[in-house]
Amino acid sequence: MDAAAAAAPAPAAAPSGTAVVLFRKDLRLDDNPALLAALQAAERVVPAFIWAPEEEGQFQPGRCSRWWLSQSLAALSRALAERGSRLVLRRAAASADALLELVGETGAHSVFFNHLYDPISLVRDHDMKRRLTAAGVAVRSYNADLLHEPWDVVGDDGRPFTTFARFWAQLQAMPTPPLPFPPPAALPPVDAALPSESGASLGFFASPEAEAACGHLANKWRPGPEGAAERLGEFLAGPLRGFSRAKARVDASATSRLSPWIHAGDLSVRTIFHRVRAQQAAWAAAGEDAGGSCAAFLQQLGYREYSRYLSFYFPYLAERPLLSHLRCVTWSLDAAAFKAWRMGMTGWPIVDAAMKELWSTGWCHNRMRVVAGAFAVKYLLLPWQWGLKHLWEQLLDADLESDALGWQYLAGCMADAPPFGQLPDLAAEAAAFDPHGEYVRRWLPALARLPDAHIHAPWEAPPGVLEAADVELGITYPYPLVDRDEAAARLERVAALIEQQLQAGQEGSGEGRGGASGASGEPFRRATAPLQAGSRGAAVAAAAAGAAEMRDGGSVLAGRGPACEAAVGWGWPGAVEPGRACAERQLAAAAAAAADPAAAAAAAAAGPGWLPAGGGGQAQHDDWAAAALEDDHHLRERRRQRHAHHAPGRRRHKAARRAESEGSEVESSAPPAVSEGLMTACSGAAPAGSPGTDGEEGACLAAAQQQEQQQAGAAAAAPPPGLESQLAAQQLDSEPAPEQQLQPQATPASDDEDAQVVPA
């Protein structure tokens, strides 16, 4: 054989056997690389969809997303039937179990699917590949969701980008994405004997009433690839030409509104990219300059890419701030304000109009998502996670990566977001986005007769104007929930507290902004302690460490031992109280460990979640849960701020009441002395004014006195010398991955709903 023949690729083998194609968020036949690869590799192809919402945890699809999914699946089933195939539907608690069962029923030798990038899907797909491979089934996955894979877009140092400007510049410099694949003209038939659920039996909705509540959406949207193609064509022929000028206007249809189709996979981003490029070339050939609008629209796809990029590299995006110093924000947990915001009853027309549109259509303009989200976070100081969960339930295009990125941006938790302490001017934004009030009039008919000058601030209108417009504040439309000056003052106080905590952390431990960089050079501090706080393993390890320190002549009450140091947190002011409480818990745990070393060792090996046999298991579980809450430095800091001022007064009040009730007996015999540290720890045991505060603190003080008196006895009850080494060998290993700490830079916000960089 000559060299040329050796270098030539081997001819493709003829398709044989059976392959399963798993559809997920790619409910289309065109530009579906997994489907194309399966058709090339197998003679028989089984299209399948597995409905397993329990796998999504707290982010199971919301009601509007479920409606769209059911309609898109119906459209996909019709498209497959037209080509001679059919969609096999399964309902399961775990996708991997159902997929293995389907492989066994069909005798498939391979499985094909397209990538997902949210953290839940990444873990699930890894487990699915592992189990299928162990069963002797080949697994192949492909990119059908992004222009470029996240691992291909990195800096010169191989590290991921943490600002959109640098990410977008790198993405634009990469090769042009490949052209989308055409849909197959025909598909092999699926065995009629292969069982399949019906769409109705999958149980997308909890009740017929829940399904009927989404019925109005059918009058406004057309899910499926056909509806996506129709909407894309309308946008390219009309609004795209002036997109760069009108993208922020909410009183006209100037955006694509393609985000629900993109989210469900009815339309691929590669198709959009190349269609826009083709339209731009056609305009340029005709002498029309619309390159600015095309570039501005494609940047919206860039924001969507960036959300998946950050979710891939920072999988906690939906749970906590990327800027770690913002984890100590003292949010206002005001359920009444949250309900008013959800229902569109805040008294700020531009905010209420956005929420009314969301309730009615399952969608609202990107700028309105910014306005409504900023009002919740900055004006009401509601946790951004609350807003994320509400919009997750209401949006048709609810997308975990994009939604989390948007709320992080609004709350100032990103490197290129406005600072947390910067309050947006809603009046100015309303005038810019809805200058004539047409958007507000459309969604708030009670204000429709107000003149333009007062449509965005009815509380400033003269009484005669309100009367002429049939507006009665507090009756036909609510008074403002909060005014700008009040919101600015409250936000300034919280921002000052955050800066104070940040400075204290820097001075106390030499940490940079938001946390220690550590020896690894990563800009984030660690997310958790090596041992899970509150677990049985952590409790026994803490007991052993405390007993060892006591045996060496130290005092766990005078200072924190190594185990308590890990459980306390990261050195924020106020952390000493849980540290002392942890040390006190060591005394009781040390005695238990010494009394039954075998049980202690087994408990350490069992790790988190272990419960002993017998009736005391639940009580111990509750104790560990309380300990875990106490070791949360965010909660601890909030308690310290809230109750530090009231603690001395409460102690004096209880002492006076005790003296009054006990009379001369108290006067003649002073109570045993209690250390100031234990008084401080007991004063934080319950919030001020809460039921049972006095009794709980008194019980805490009594227990503290008894523990101080028995300290010497507890030291004698230290575990055997070999117990520490035995526990150390059984501790939970693996240091958590370091977090990332971002530095503030300036980058403009997203401009269109397709990006979903703001709450979506």
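Colleague: Which residues does valine 103 contact, leaving aside its neighbours within four places in sequence?

Modeller: This is a predicted model. In it, valine 103 touches Ala108, Val111, Leu132 and Val137, with neighbours within four places in sequence set aside. Valine 103 belongs to helix H4, residues 95-106.

Colleague: Is valine 103 buried or exposed?

Modeller: Read the relative accessible area. Buried means under 20%. Valine 103 has 7%, so it is buried.

Colleague: How far is valine 103 from alanine 135?

Modeller: Their C-alpha atoms are separated by 9.8 Å. Along the chain, valine 103 and alanine 135 are 32 residues apart.

Colleague: Now the sheet. How do strands of a sheet pair?

Modeller: They pair through backbone hydrogen bonds, either parallel or antiparallel. Here, five strands form an open sheet with parallel pairing, in the order S3-S2-S1-S4-S5. Strand S3 (88-91) and strand S5 (138-142) are the edges, each pairing on one side only. On average, neighbouring strands are turned by 25 degrees against each other, direction ignored.

Colleague: How many bridges join strand S1 to strand S4?

Modeller: Four bridges join S1, residues 18-23, to S4, residues 110-114. Leucine 22 has phenylalanine 113 in S4 as its bridge partner.

Colleague: At what angle do helix H14 and helix H15 pack?

Modeller: The angle is about 115 degrees, and the axes are 9 Å apart.

Colleague: Which residues make the contact?

Modeller: H14 brings Ile350, Val351, Ala354 and Met355; H15 brings Met368, Val371, Ala372 and Phe375. By class, this contact has eight nonpolar, no polar and no charged residues.

Technical notes. Residues numbered from 1 in each chain as written. Predicted model: local features only at pLDDT ≥ 70, side-chain atom pairs only at ≥ 80, totals over all residues. Heavy atoms only, no water. Pairing = 2+ DSSP bridges. Helix = DSSP H or I, 4+ residues; strand = E, 2+ residues; numbered from the N terminus. Axes fitted to C-alpha atoms, helices over the stretch in contact; angles between N-to-C directions. Buried < 20%, exposed > 50% of the residue type's maximum accessible area, 1.4 Å probe, protein only. Contact = heavy atoms within 4.5 Å. Nonpolar A, V, L, I, M, F, W, Y, C, P; charged D, E, K, R; others polar.
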